[in-house]
Amino acid sequence: MLDDRTQAPIAEQVRSGLVEKIATGVYSVGSVLPSCRKLAAELGVNKNTVTRAFSMLKEAGLVKPLPGEGMLVIKRPSVDRKD
């Protein structure tokens, strides 16, 4: 999900990776994303970075918060595929 060769901010890389996983069905509509702490630990980044990525997903209308449970995937993004 993270690429050291890019200059994109880490939060944007996390957001982009999650969008891709939602689009491809790794996280389907109705599923709950991993917690900020769990995802941050898996990626080796700060929890606040993942929180920013989650906020971007919420602003895009892809997830909504479930108090005490995490972020629920509510919409699958459209993906432009270049063949």
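Predicted model: local features only at pLDDT ≥ 70, side-chain atom pairs only at ≥ 80, totals over all residues.
Mentor: M1, L2 and I10 make a nonpolar surface patch of about 240 Å².

Trainee: Where does M1 sit?

Mentor: M1 is in the segment before α1, the helix of residues 10-23.

Trainee: Is M1 buried, exposed or partly exposed, and why?

Mentor: Its relative accessibility is 37%. Buried needs under 20% and exposed needs over 50%. M1 falls in between, so M1 is called partly exposed. A patch residue needs over 30%, and M1 at 37% clears that cut-off.

Trainee: Which residues does L43 touch, leaving aside neighbours within four places in sequence?

Mentor: M1, L2 and V14. The contact cut-off is 4.5 Å between heavy atoms. L43 belongs to helix α2. M1 and L43 are 42 residues apart along the chain, and their C-alpha atoms are separated by 8.0 Å.

Trainee: Why is L43 called partly exposed?

Mentor: Its relative accessible area is 21%. Under 20% would be buried. L43 has 21%, so the label is partly exposed.

Trainee: What makes I22 buried?

Mentor: I22 has a relative accessible area of 1%. The limit for buried is under 20%, so I22 qualifies. I22 lies in helix α1.

Trainee: Which residues touch I22, not counting those up to four places away in sequence?

Mentor: Y27, V63, V73, K75, R76 and P77.

Trainee: How many salt bridges does the structure hold?

Mentor: Two. Side chains of opposite charge can pair when their charged atoms come close.

Trainee: What makes D3 and R5 a salt bridge?

Mentor: Their side chains meet at 3.0 Å, N to O. The cut-off is 4 Å, so the pair counts.

Trainee: How are D3 and R5 classed, and why?

Mentor: D3 has a relative accessible area of 28%, so D3 is partly exposed. R5 has 75%, which is over 50%, so R5 is exposed.

Trainee: How do you know that R15 and E12 form a salt bridge?

Mentor: Their closest N and O atoms are 2.5 Å apart. That is within 4 Å, so the label holds.

Trainee: Why are R15 and E12 separated by about one helical turn?

Mentor: Because they are three residues apart in helix α1. R15 is partly exposed at 23%. E12 is partly exposed at 28%.

Trainee: At what angle do helices α2 and α3 pack?

Mentor: About 115 degrees, with their axes 8 Å apart. Helix α2 covers residues 36-43 and helix α3 covers residues 47-59. The crossing of α2 past α3 is right-handed.

Trainee: Which residues meet between α2 and α3?

Mentor: From α2, C36, R37, L39 and A40. From α3, K47, V50, T51 and F54.

Trainee: Where is G44, and why does G44 get its accessibility label?

Mentor: G44 lies in the loop between α2 and α3. Its relative accessibility is 67%. G44 and S16 are 28 residues apart along the chain, with C-alpha atoms separated by 16 Å.

Notes
Residues numbered from 1 in each chain as written. Heavy atoms only, no water. Patch = residues over 30% accessible without salt bridge, like charges linked within 9 Å, V, L, I, M, F, W, Y side chains within 5 Å. Areas by Shrake-Rupley, 256 points an atom, 1.4 Å probe, with all protein chains shown as cover. Helix = DSSP H or I, 4+ residues; strand = E, 2+ residues; numbered from the N terminus. Buried < 20%, exposed > 50% of the residue type's maximum accessible area, 1.4 Å probe, protein only. Axes fitted to C-alpha atoms, helices over the stretch in contact; angles between N-to-C directions. Left-handed = near helix turned anticlockwise from the far one by under 90°.
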